[in-house]
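Please read the following report beside the model, keeping both the sequence and the coordinates in view.

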Amino acid sequence: MLKKKKIKVWKIAAAAVVAVLIIRFAAGLFLGGDEEFIPTVETKEAVEGTITSTLDTSGTIASEVTRVYASPVNALVGEVPVVLGQTVHKGEYLLTYDTASLQRSYDIAELQAKAENAAGNDTLSKSRESAGELAASAKDIATLQAQADAIQAELSALQAQATENEIQTNNNTQVNGEIGALTAEVETFTAQIAELEAKKEQKTLSEKEKERLKQLYKEKKSKEQMIEKKQGSIKSAADLANTMTNIQAQIAQKNSQLAEVQSKLGEAQSKNASAEAGILSEAARANISYTQQAGKLTLEQSADDLSRAKAGVTADFEGIVTEVTAAAGTAAAEGSPLITLASADHMCLDVLVSKYNLAHLAENQTASITFGEKEYSGFVSYISKLAQKGESGAAMVTVKVHIDNPDDNLILGLDAKASICLGTADNVLTVPISAVNSDSEGDFVYTVNEQIVTKKYVTTGLASTEEIEIKKGIETGEKVITTVDSTITEGMKVTEVLSQDLEDVPATQAEE
C-alpha cells in the first residue's frame, strides 16, 4: 500500500536547486555554451509574524536552600543517625552529643562561681564594716581634736597670764628701784630746800637763791608725784605669788587633760588608718564585680553548652543530606561543619551559559525543565555576576532556573534539560535565520530585486530555531536569499526559487 507523505522543506529546496542547476547547465551545452550562466538561489519574502525565542540547554539539579550545620559546642559526638543522600524530615535528629564531659564542666563552673561570689561578698562586707569604722573614728578624731584645741587654747591663755604675772613681778623690782632713785632725789631737794629756807629766815637769801628755792620746791613736788604714781603701779608681791601658784596649778591640770585627749586622739587616728586600709578602692570593687560577672558568664556558657548538647542537632526543614563530616566518638569543635542539608522543597537547575546567550537572559523568564519522562515548570531566579572558566576554558556564567513543584523524582547532582523562553515578539518583521550572515561590519542579508543581488546590513532581534526578527535594514515583502555561500556577491544576477513554492510538495513512499 502506498501512502503520501510531506517531505521536509529543506530537502525539497535543495533538490529543486540542484535540478535547476542541472537544467541550466544542460541548456547551456545545447545552446552552444556561450550563453551567460545565471545561478539559481532560494529566496523568501520578509513577512510580519510572531517569534518566540528559547534557549535550550542542560544543567545540574541543585537545591536553592542549603544549610551547613556547624557544631554549637565543643563536645564529643554521640551518634550520627543519618547517611549521605538520605531524606530527613523537619525536627529529625542529624547528630547527638555525649554530654558527660559538659556536665562536669558545668558542675565545676557552678562551684567556681559560688566560691567567687562568697569570697567577693565577704571582702565587700568587710569593706563596709571598715567604712563604718572609718566614719566613727573620723567623728571621734574631730571631737578629740576640738577638745585638744580647746585645752591648748586654755593653756595658751594660762601661759599668757603666767608671763604677765612674771612681767609684773619683774616690773615691781624695777619700779622699786626707780622709786628709790626718786626718793633719793627728793631727799636731796629737801636738804637743799632746808638750807635755802634757813637763809631765808636769816634774810640772807639772794634773788637768785629765791628763784632756786622755788625751782627746788617744784622739782621736789614733781618727783614726789612720780614716786606716788610708781607706788600705785606696784602690785602686792604676795598676790603675785599666789596668782602664779594658781596659774601653774591650772597649767599642770590642763597639760594632764591635754595628754589624755591626745592619747585618745592617737588611738582614734590609728583606728582610722586601719579602717581606711580595709576599705576597697573603686578598682578593687570593680575587680570583684568583674570576677563575679565572669564567673556568672562562664556558668551561663556552660549551662548553654550543656543545653545545646542535650538538644543535639536537628533538621530545620525537610531536605537531603549532601555531606557528612562528623563521626561518632570524635571531638567536634565549636563552629566546625558537621552535616550539610539541602532543601527538597526548593529545587533549581544550575545552568552554565556563555556571554552570547547571557545577553538575552533575564530574571523571571519562564522555563520548562525535563528530567527523565517528567516535565516541570519554572523560571530564571538568579543570574550570577561572576564568570568562571568552564571545562573548555571559556568563561561561563551560572544561571539558576527555579523549579516550581519539585518532587521525589528529582535527584540532586544529575543532569536535566531546560528550555528557557527568552521572549516573544508579535507583529515583527521576520526572515529565515539562515538568511542572516555576519562580517566585520555587522549582520547582513542578501536581497533580490529584479534578479539583482543587493547586500543590506540589518539590526536583528529575537530569534527562534527557524526565524529571526529584523528590526532595521529591510522592509516587509523584500525577498532575501535563504541559502548563502561564497559564490553570492552583491550586484550579481540570479534566478529566484521562492521557498514557499516548494512547500507541501507531495511524494510517495512504499510502506512495508
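The report below begins with the basis of the values and then goes through these topics in turn.

## Basis of the values

This is a predicted model, in which local features need pLDDT of at least 70 and side-chain atom pairs count only at pLDDT 80 or more, whereas totals for chains, interfaces and linings use all residues. Residues are numbered from 1 along each chain as its sequence is written, and side-chain values use heavy atoms, with hydrogens and water left out.

## The second largest pocket

The second largest pocket has a volume of about 270 Å³. A pocket here is an open set of points on a 1 Å grid over the protein atoms alone, where a 1.4 Å probe fits, with protein on both sides within 12 Å along at least five of seven lines, and lining residues have an atom within 4 Å of a point; the volume is the space filled by probe spheres set on the points, which are joined across faces, edges and corners.

Among the lining residues are S53, Y356, H360, L422 and S464. Two or more residues each come from β3 (47-63), α6 (355-358) and β21 (459-463), these elements being DSSP runs numbered from the N terminus (helices H or I, at least four residues; strands E, at least two). The lining divides into five nonpolar, seven polar and no charged residues.

## Aromatic rings

A search of the whole structure finds two aromatic pairs, a pair requiring ring centres within 6.5 Å, with planes under 30 degrees apart counted as stacked, over 60 as edge-to-face and the rest as tilted. The rings of F444 and Y446 have centres 5.4 Å apart and planes at 75°, so this pair is edge-to-face. The rings of F444 and Y457, with centres 6.0 Å apart and planes at 70°, are likewise edge-to-face; this pair links F444 in strand β19 (residues 442-449) to Y457 in strand β20 (residues 452-457), 13 residues apart.

F444 is buried at 7% relative accessibility and Y446 is buried at 8%, while Y457 is partly exposed at 33% (buried is under 20%, exposed over 50%, partly exposed in between, with a 1.4 Å probe and protein chains only). The charged end of K455 sits over the ring of F444, 4.3 Å from its centre, where the criterion is NZ of Lys or CZ of Arg within 6 Å of the ring centre and within 35 degrees of the ring normal.

## Strand pairing around β17

Strand β17 (residues 415-432) pairs with β3 in the antiparallel sense over 13 bridges, and V47 stands opposite T430 in β17; pairing requires at least two DSSP bridges between the strands. β17 also pairs in the antiparallel sense with strand β22 (residues 467-472) over three bridges, and the bridge partner of T430 in β22 is E469.

Technical notes: Ala, Val, Leu, Ile, Met, Phe, Trp, Tyr, Cys and Pro count as nonpolar, Asp, Glu, Lys and Arg as charged, and the others, Gly among them, as polar.
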